[in-house]
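I'm going to look up a few loops, a sheet and the pockets, and jot down what turns up.

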Amino acid sequence: MYKLIIVDDEALVREAIREQMDWASLGFECVADYEDGEEALEHIGEQAPDVVLTDICMPFMDGLALTRELAARHPETKVLILTGFDEFDYARQAVELQAFDFILKPVTCAELTRVLFRLKDELDKDRARKDDYERLRKEMSESLPVLRERFLERLVTSRLPEREIAERCAYFDLSWNGAWMAAALFDLEALGEEARVTVRDEELLRFALYNIAQELLSHRRGAAVFRDRNNHVLALLSGEDPDALQEAAAAAAAELQLAADRYLPVRISAGIGRSIHGLASAHLVYDSALSALDYRFVLGRGSIIRLTDMEQRSQPAFASTLAWEKELIGKLKTASPIETDEVVARLFAAFRAQAFTAEACRIYAQRIALAMAQTVYEMDGASDILLGDAETPLFAPSTFGSLGEMEQWMKGLCRQAARLISGAREDFGASQVAKAKAFVDARYADPELSLGSVCRHVAMSASYFSTLFKSHAGHTFVEYLTRVRMEQAKALLKLTGKKSSEIAYEVGYADPHYFSGAFKRHTGMTPTEYRQRLAEETGS
């Protein structure tokens, strides 16, 4: 059954067409009718009709303008034009705009039935073609060459000779859009414990995420989508400009996250690494994307994280020549006490296994403590809180009588450092959100005020700022801006006699019609209805 709406400024015409046709027998359902094109266009998104039957001559927005808008916004919607003899030239223009056909007035049931039968046949063919396409697309997706994915996985995890890279890219038909490379790495976030996700369910979800990524991203010029050995989905992008490539990677991540939110029961996180020159350095691209994804433990699950954003927030950690020291400092930056406990436990297990002397253990413990203090200072500026006044980490290791006591002290010190770093991040986020809100409160009347202008004000990328704002404010930036403007509009409606169009301009809307619609969505009433209700409540 296909959905159809009627658009005609004459109520009798709409009623006659709606009531006299046996829609079900024709394979259609008449779901709504409207008196002009502007009203119809407002509801087409929610009605999602397959067919629009419209008069060509109407006030506000005529059928020709409506056809033009539908061709731009909803090209899959079929349009039937109702026209008189004196409007024949307009009808021809509508057909040029991809209208299916036109019917001369007065409309007869027989003529409309004939056209609808023909239209249904075309809709059936369109649907069959779409179904065939979906089936073929699925088969093609399921039969993607395994060797191509293996090569891409090797490309980002190993150092391959440039000649081999060139030959295999040609063999697998991999074309790149420039010498700069960047990667967006995607991973599923765990369902709640009550969901009891099985291994089979997890594999199905990962396969679904990969299919969605293929559908949305693999068609991009100079891009490749594949899975790594840990079953992450990786989008490898290329370009001529490293900064533009970062924005492209962020846009791709946002597009995939939106689609995943719509189709999957779990959220996804994305890590975007640095832009790096040359395919031979693709392994560095992948490593930096992994590093970015690691920060999801800081920012929260379901985040889009750019490594460049994170690197701008703090100084590099105090250099360490020992692998376990580097790992511990890295864990501190994610503020995860469990992970720092694990690293400390492995470190002290190594002390025991290698039979380190007490002096050697004290020296290593002092080295770690100094590295932690430096890290806290760089990120929080409060290393004196960690070091304390009476018993500092420099002298504490010499006071312990056993390696076990030293291990417990080290774990506690790590937890304290992690808490300080976490608090610094929280304070930073709260201050940036407050700064953004103040900016909006002062400039809400500017119709050019946007997410981009606020991000420039606080010197953040749009994706990172959006995540930060929602986590601290509890709602999105757009919701906050709309709320501020609507509250100002309500105040003006209550305290002044200004027209709705004047109020629209004063609260930052360049289009009064759009303002009226936004106001109704926000309050459930039009500005006029809101003012009338206020008058009734006050008795004026």
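Entry 1, a loop residue. I started at Asn 231, which sits in the loop between strand S7 (223-227) and strand S8 (233-239). For the labels: helices (H or I, at least four residues) and strands (E, at least two) are DSSP runs, numbered from the N terminus. Phi of Asn 231 is near 70 degrees, a positive value in a residue that isn't glycine. Most residues other than glycine have a negative phi, and most peptide bonds are trans. At 21% relative accessibility, Asn 231 counts as partly exposed; buried means under 20% relative accessible area, exposed over 50%, and partly exposed is in between (1.4 Å probe, protein chains only).

Ground rules, before I go on. This is a predicted model, where local features need pLDDT of at least 70 and side-chain atom pairs count only at pLDDT 80 or more, while totals for chains, interfaces and linings use all residues. Residues are numbered from 1 along each chain as its sequence is written, and side-chain values use heavy atoms, with hydrogens and water left out.

I found Asp 173 in the loop between helix H8 (162-171) and strand S6 (180-188), and at 67% relative accessibility it counts as exposed. Then I checked Lys 105 and Pro 106: a cis peptide bond joins them, with omega about -5 degrees. Pro 106 belongs to the loop between S5 and helix H6 (109-142).

In what order do the strands of the open sheet of five run? I read S2-S1-S3-S4-S5, with parallel pairing; two strands pair if DSSP finds at least two bridges between them. Strand S2 (28-34) and strand S5 (101-104) are at the edges with a single partner strand each, so one side of each has no neighbour in the sheet. From one strand to the next, the twist averages 20 degrees. (Axes are lines fitted to C-alpha atoms, for helices over the stretch in contact, and angles run from 0 to 180 degrees between N-to-C directions.)

Helix H1 (residues 11-20) packs on this sheet and touches S1, S2, S3 and strand S4 (78-83), its direction making about 165 degrees with that of S2. Contact here means heavy atoms within 4.5 Å.

I followed S5 to its neighbour: four bridges join S4 to S5, and Thr 83 stands opposite Leu 104 in S5.

On a 1 Å grid over the protein atoms alone, a pocket is an open set of points with protein on both sides within 12 Å along at least five of seven lines, and a cavity is a set where a 1.4 Å probe fits but cannot get out; lining residues have an atom within 4 Å of a point. Which residues lie nearest the centre of the largest pocket? I got Gln 257, Ile 304, Ser 463, Ser 466 and Thr 467, out of 26 lining residues. H10 gives the largest share of that lining, seven residues.

Gln 246 lies in helix H10 and is buried, with a relative accessible area of 7%. Among the residues Gln 246 touches, not counting those up to four places away in sequence, are Ala 182, Ile 272 and Arg 306.
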